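Reader: I would like to go through some of the labels used for this structure and hear what each one rests on.

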Amino acid sequence: MLGIRSTAAARAAVRWLRHPGGGGSCGYRRTFASHHYVQPPLASDANGYFITREKDRKIIFSSIKLYSTCSVSNSSITRDAAALNCSSSAENGEAGAEAVLPEAYVALRNAAMDDAYYAIELALDSVVKIFTVASSPSYSLPWQNKSQRESMGSGFVISGRRILTNAHVVADHTFVLVRKHGSPTKYRAHVQAVGHECDLAILVVENEEFWEGMTFLELGDIPFLQESVAVVGYPQGGDNISVTKGVVSRVEPTQYVHSATQLLAIQIDAAINPGNSGGPAIMGDKVAGVAFQNLSNAENIGYIIPVPVIKHFLSGVEETGKYVGFCSMGLSCQPTENAQLREHFQMHPGLTGVLVSHINPISDAHRVLKKDDIILSFDGVPIANDGSVPFRNRERITFDHLVSMKKPEETAQVKVLRDGKEHEFTITLRPLQPLVPVHQFDKLPSYFIFAGLVFVPLTQPYLHEYGEDWYNASPRRLCERALRELPKKNGQQFVVLSQVLMDDINTGYERLAELQVKKVNGIEIDNLKHLRQLVEEGNKENVRFDLDDERVIVLNYDSAKVATSRILKRHRIPSALSSDLLDDDQTVSNVKLACSN
């Protein structure tokens, strides 16, 4: 939008149009801003205008987004020529301004529109429709899968003959096909890497015919507020490609629905519907992000994954061959916005930071930081009392974003206020696994069956088996521990007795289901694999399980082995344990034979 109040201002504005900011890189667009303006329609709507108003001496341009001249334009009049025409008209005074050549405006408008269409043309040769057949595991019966389901999503080609899409588009997949625009043929695709935390995945297609005529899209940068983006994909409601346009409304860390992780996201007002997931958000001739979710019970509020998160995912895959995750300091912090709180912790005027409340025992921060420390800065960036740090021009963002953009095993300099004195520590950052995993995609649940007792590690997907209202419907104690408890050591799991498959040997123990298992034969267990080892390697006649609420289960080992085989056959369960619990020299068939002896 350009609002101009005088002839001199018009001349200056036209000069700025001709040479905005002394040049810029490809893909950047510039707009004027003034507190005196009338909001016109976007140039992409082909209804822009260039007029003058005698009453308030205001010249108003349409809000044309000026793309870099690196893009192709079919206009017969160049941008510089159009700006020159505007300049000569404006420099002749208001009468000249009223006689601005329509060709000048048309050239400017068409230049923007041509570049927009050029970006869409690029997308047409890059965006693909993804067809997924998936089958999720059953956590109530962990030895079997649920019925398969079909879903559709979008993706786009990036460098290296790869297709980028959302992780939730291919989660728990058993078969994946892709189809390019304008083609009736579907091609088999394979999932190369998946990052469920950031909701991104890479697909590869081996068929050479698929790659004929395909072009890859380049990644751009984080757009500024009110910049226009075009979301391209295959949403529900039709089979052909769809393009929706909107502007950037907000840039801040947001909870990713697929993984419940807080990462940087961009909010836009373009429609993002089921099927759009994985499609690119185009700004200029580059990708500004990947569409992945919308806000329920709201109109035209969608979210895209920004380029820094995408690059972090891609670089990890390229360097290690697999998804490496996003780092965490393992801290729970409290804002220090209250003056009395700051005074209590000896924060003199000028010092800002956040109060450390909890520290994850398996994090490197647990080695050097203490409860009640005040974190003043991260890698030299001051942290405000509300936990935010500077981000671009007059924007702020939580300092967790700085942590998440670190690569695993990188270090960070943290300045801390402790007992009124400042200290500086070096902390190694790495991804941290919670005691109770939030998601478990693309893998079968772990389980171990002994004498009809079904032991599983507690996960949130296990709790989700209680229905949509799982928070209230699931056992309260398990739910609270799932959301609050931290691991004390690496590899630790919260093991529960999920159910009892009834048999003579376990009669009377059926009421002990859904309790945590704490010890086996007096030894505190670390995880499910450790529980299985203690059961099978014990030299005692009986096996004792100590559960939560001081409950106890005792079974004769030899009788339990015989009963296990009988119960597995009765319930048509293929194995007494999941494959991830097997030792290196064991197979599922060996376990079956051992149970049948």
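**Labels and their grounds**

Author: Asp503 is buried, with a relative accessible area of 8%. The model is a predicted one.

Reader: Why is Asp503 called buried?

Author: Buried means under 20% relative accessible area. The value for Asp503 is 8%, so the residue is called buried.

Reader: What makes Asp503 and Arg566 a salt bridge?

Author: The cut-off is a side-chain nitrogen of Lys or Arg within 4 Å of a carboxyl oxygen of Asp or Glu. For the side chains of Asp503 and Arg566 the N to O value is 2.7 Å, so the pair qualifies. The pair links distant parts of the chain: Asp503 lies in the loop between β27 and β28, Arg566 in helix α14, 63 residues apart.

Reader: Why is Arg566 called partly exposed?

Author: Its relative accessibility is 38%. Exposed requires over 50% and buried under 20%, so Arg566 falls in between.

Reader: How do you know that Arg477 and Asp548 form a salt bridge?

Author: Their closest N and O atoms are 3.1 Å apart. The limit is 4 Å, so the pair is counted. Arg477 belongs to helix α12 and Asp548 to the loop between β30 and β31, with 71 residues separating them.

Reader: Which label, buried or partly exposed, goes to Arg477, and which to Asp548?

Author: Arg477 has 41% relative accessibility and counts as partly exposed. Asp548, with a relative accessible area of 7%, is buried. The network of salt bridges that includes this pair links Arg477, Arg481, Glu485, Lys518, Asp548 and Asp549.

Reader: How many salt bridges does the rule give?

Author: The count comes to 27 salt bridges.

Reader: Why is strand β19 called largely enclosed by the rest of the structure?

Author: Of its 5 residues, 374–378, 5 are buried, so the strand is described that way.

Reader: How do you know that β19 pairs with β18, β23 and β20?

Author: Pairing calls for at least two bridges. There are 2 bridges from β18 to β19, 4 from β19 to β23 and 2 between β19 and β20. Each count meets the cut-off, so each is a pairing. β18 and β19 run antiparallel, as do β19 and β23, and β19 and β20 pair in the antiparallel sense.

Reader: Which residues stand opposite each other in these pairings?

Author: Leu355 stands opposite Ile374 in β19. Ser377 has Lys415 as its bridge partner in β23, and stands opposite Pro382 in β20. In the hairpin of β19 and β20, with 2 residues between the strands, Asp379 takes a positive phi near 50°.

Reader: What makes Asn527 a cap of helix α13?

Author: A side-chain oxygen of Asn527 lies 3.3 Å from the backbone nitrogen of Lys529, and Asn527 caps the N-terminal end. Buried residues of α13 include Leu528, Leu531 and Val535.

Reader: Why is Ser183 called buried?

Author: Its relative accessible area is 17%, under the 20% cut-off, so the label applies. Ser183 sits in the loop between β7 and β8, and a polar atom of its side chain lies 3.2 Å from the backbone nitrogen of Thr185.

Note on methods. Residues numbered from 1 in each chain as written. Predicted model: local features only at pLDDT ≥ 70, side-chain atom pairs only at ≥ 80, totals over all residues. Heavy atoms only, no water. Buried < 20%, exposed > 50% of the residue type's maximum accessible area, 1.4 Å probe, protein only. Polar contact = N/O pair within 3.5 Å; in protein donor to acceptor, adjacent residues only side chain to side chain.
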